[in-house]
Amino acid sequence: DCEIETCTQCSGKLITREQRQKSISRKVDLLRGERERHKTAKARYAQYMARVKQGKPGQGNAGGTDYQSWDFWEPDTDSDEEPVLPNTPEFKAMERDILERNLKRERDLRDANQLKTDGNLLFKKGDYKGALSAYTRALEFRKDLKPVYANRALIYLKLKQYSKAIKDSTTVLDIWEFLEDKRPPNSELVIKALVRRGQGYRAKKMFQEAVNDLQRAVDMKPSVSYNQKLLKECQRDLRDQEMAEAALQEVQPANTN
């Protein structure tokens with residue numbers, strides 16, 4: 001007797017009806033999960049843009065993040081329609097597209113993490129420009145990596161490019177707030193972003209903004225003495241600035257008389 005092990009239609013291995021049903025169920029779940037991912041990203045993007053229009057993106061107003069360019073924000077592939085029925089050409093095309101995009105995300109993540117590692121090594125050697133280049137290239141592969149933005153913010157501080165440091169730190173906070181729903185609540189990376197943005201604000205003599213960020217960082221983790229020291233220094237800077245402005249206002253009317 002000869003047992004047939006290969007499908008005469010697709011040349012694939014023969015499977016039982018139960019196995020086939022499980023396979024189809026997994027594929028349907030995959031498509032539905034992808035659709036929910038798009039819906040969630042779309043809702044959070046709309047929330048973010050509403051904040052931008054009000055002049056307060058994320059945790060500050062020092063720029064913002066273009067979520068349209070992110071891997072998980074893909075309006076061209078988004079759809080409000082229910083997934084098509086399985087075992088149809090349309091279903092197979094959608095399945096193939098999702099699998100291909102998932103494989104690309106995995107490749108991009110590997111490449112981005114390797115460039116992040118390269119950047120870390122260059123930073124330790126004191127090659128700040130080389131590290132900056134590596135981090136920037138990493139973000140070309142994956143635009144949602146908070147650690148890379150935080151590391152690049154530190155590089156910008158070292159290079160005295162304070163506005164860029166503020167923007168990258170803000171991006172970390174935007175991702176945490178709008179796409180991760182502030183989870184985990186006391187993220188070490190978020191604390192670093194607050195401190196680095198605070199340092200950027202301080203360098204630009206925006207002392208009130210610096211105090212706000214550093215106070216939040218200290219509130220999230222009071223045990224870090226370095227952050228407490230920075231906060232006290234910025235509070236002193238803010239008081240000195242306010243006293244200088246008050247003195248200037250007293251002098252100006254006298255000069256006009």
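**Helix packing and burial in a predicted model**

Me: Which residues of helix α7 are buried?
Reply: The model is a predicted one. In this assignment, buried means under 20% relative accessible area. The residues of α7 that count as buried are Phe207, Ala210, Val211, Asp213, Leu214, Ala217, Val218 and Met220.

Me: What distance does α7 reach from its first C-alpha to its last?
Reply: Helix α7 covers residues 207-220, which gives it 14 residues. At 1.5 Å a residue, the expected span is 20 Å. The reach of α7 is close to that expectation, at 20 Å.

Me: Is α3 roughly parallel or antiparallel to α4?
Reply: Helix α3 (residues 128-141) packs on helix α4 (residues 146-158) at an angle of about 150 degrees, and their axes are 10 Å apart. Angles over 145 degrees count as roughly antiparallel. Therefore α3 is, relative to α4, roughly antiparallel.

Me: Which residues in α4 meet α3?
Reply: From α3, the contact involves Tyr128, Ala131, Leu132, Tyr135, Thr136, Ala138 and Leu139. The residues of this contact divide into two charged, two polar and ten nonpolar. On the α4 side they are Val148, Tyr149, Asn151, Arg152, Ile155, Tyr156 and Lys158.

Me: Is arginine 152 buried or exposed?
Reply: Arginine 152 lies in helix α4. Its relative accessibility is 12%, and the cut-off for burial is under 20%. Because of that 12% value, arginine 152 counts as buried.

Me: With which residues is arginine 152 in contact, leaving aside its neighbours within four places in sequence?
Reply: Contact requires heavy atoms within 4.5 Å. With neighbours within four places in sequence left aside, the partners of arginine 152 are Leu132, Tyr135, Thr136, Leu139 and Asp168.

Notes
Residues numbered from 1 in each chain as written. Predicted model: local features only at pLDDT ≥ 70, side-chain atom pairs only at ≥ 80, totals over all residues. Heavy atoms only, no water. Axes fitted to C-alpha atoms, helices over the stretch in contact; angles between N-to-C directions. Helix = DSSP H or I, 4+ residues; strand = E, 2+ residues; numbered from the N terminus. Parallel < 35°, antiparallel > 145°, perpendicular 65-115°, else oblique. Nonpolar A, V, L, I, M, F, W, Y, C, P; charged D, E, K, R; others polar. Expected span 1.5 Å × (residues − 1). Buried < 20%, exposed > 50% of the residue type's maximum accessible area, 1.4 Å probe, protein only.
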